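User: Please take me through this model. I will ask what stands behind each label.

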Amino acid sequence: MGGLRDVVSQELVARQLDEQIAGRFPVGRRLRVLDVGMGRGEQALRLARLGHQVTGVEQDATMIAAAREAVAREPEGIRERVRLVQGDGRDTGVHFLPGSFDVVLCHAVLMYVEEPDPLVAGLARMLASGGLLSLLVRNGDALAMRPGLTGDWAGALAAFDTTAYRNRLGLDVRADRLASLTATLAGIAAPLHAWYGVRVFTDTAADDAAIPDDLRTLLAVEERAGRTDPYRGVAALLHLCGVRG
């Protein structure tokens, strides 16, 4: 289990993704899932355990090594449902045919991509008709929240007028605004179907924050806020779900 912020993000995205899958596909259908920028494979493995066929793409050698180790610890039946590919998410067209997947995940990747539109368009092409595209991005409409809540007034003031920020790893990255991504999804024939906020109340937690005893209640609060206005609009992350027409 990771730190509190990671636990909240992984659990909320899992619940939201399950809700969208349940509302779009017949119960018991084994889906073809592509997870681009899969990291250590938390979501990919979770979906494989549910019976889906999962292909994970990851560029970082350390991350994909960790994912391979995690897969190796699973029972044979689950291992057989996971394929790992080391590569750049912008090269999906090299590895896969258009329409090859029912669900495509791209979580916490776009913030590292200077021009995200071509990547998102390429991911949409991987979807079969009616397929689900799941994007997890930094919320460009709420960049002032973290510095403001921690008393960094100069940082908060500067954040109102930009989508650039420095993350906790010290990297200069970018955020996405809901309106811009909505337009992008409409333009690539995968219009926005639903969106959620992720980490409304826990984004300022320290990296080493302990998991509280009342985690279940905390998650219930975060889940409620993530689907309720106006709270979801100021979440640190946005989870957008588009559907391929």
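**Labels and their cut-offs**

Analyst: Leu34 has Val104 of strand 4 as its bridge partner. Strand 1 (residues 32-36) and strand 4 (residues 101-107) run parallel in this pairing, over 4 bridges. The model is predicted: local features need pLDDT of at least 70, side-chain atom pairs need pLDDT 80 or more, and totals for chains, interfaces and linings use all residues. Residues are numbered from 1 along each chain as its sequence is written, and side-chain values use heavy atoms, with hydrogens and water left out.

User: How do you know that strand 1 and strand 4 pair?

Analyst: Strands here are DSSP runs of E with at least two residues, helices are runs of H or I with at least four, and both are numbered from the N terminus. Two strands pair if DSSP finds at least two bridges between them. Strand 1 and strand 4 have 4 bridges, so they pair. Strand 1 and strand 2 also pair in the parallel sense, over 5 bridges. There, Arg32 has Gln53 of strand 2 as its bridge partner.

User: What makes strand 3 and strand 8 edge strands?

Analyst: The open sheet has 7 strands in the order 3-2-1-4-5-9-8, with mixed pairing. Strand 3 (82-86) and strand 8 each pair on one side only.

User: Why is Cys106 called buried?

Analyst: Buried means under 20% relative accessible area, exposed means over 50%, and partly exposed lies in between (1.4 Å probe, protein chains only). Cys106 has 0%, so it is buried. Cys241 is buried too, also with 0%. In strand 2 (residues 53-58), 5 of the 6 residues are buried.

User: Why does Arg5 count as buried?

Analyst: Its relative accessible area is 14%, so Arg5 falls under the 20% limit. Arg5 lies in helix 1 (residues 4-24). Beyond its neighbours within four places in sequence, Arg5 has contacts (heavy atoms within 4.5 Å) that include Arg146, Arg168, Arg199 and Asp203.

User: What makes Phe96 and Phe101 an edge-to-face pair?

Analyst: Rings of Phe, Tyr and Trp (its six-membered ring) pair if their centres lie within 6.5 Å; planes under 30 degrees apart count as stacked, over 60 as edge-to-face and the rest as tilted. The centres of Phe96 and Phe101 are 5.3 Å apart and their planes are at 85°, so the pair is edge-to-face. Phe96 and Phe101 are both buried.

User: Why is the pair of Phe201 and Tyr231 called tilted?

Analyst: The planes are at 55°, so the pair is neither stacked nor edge-to-face. The distance is 6.3 Å centre to centre. Phe201 is partly exposed at 47% relative accessibility, and Tyr231 is partly exposed at 42%. The pair ties together parts that are 30 residues apart in sequence. The whole structure holds 2 aromatic pairs.

User: How do you know that the charged end of Arg232 sits over the ring of Trp195?

Analyst: The rule asks for NZ of Lys or CZ of Arg within 6 Å of the ring centre and within 35 degrees of the ring normal. The charged end of Arg232 is 3.7 Å from the ring centre of Trp195. Arg138 lies over the face of Tyr165, at 4.9 Å from the ring centre.
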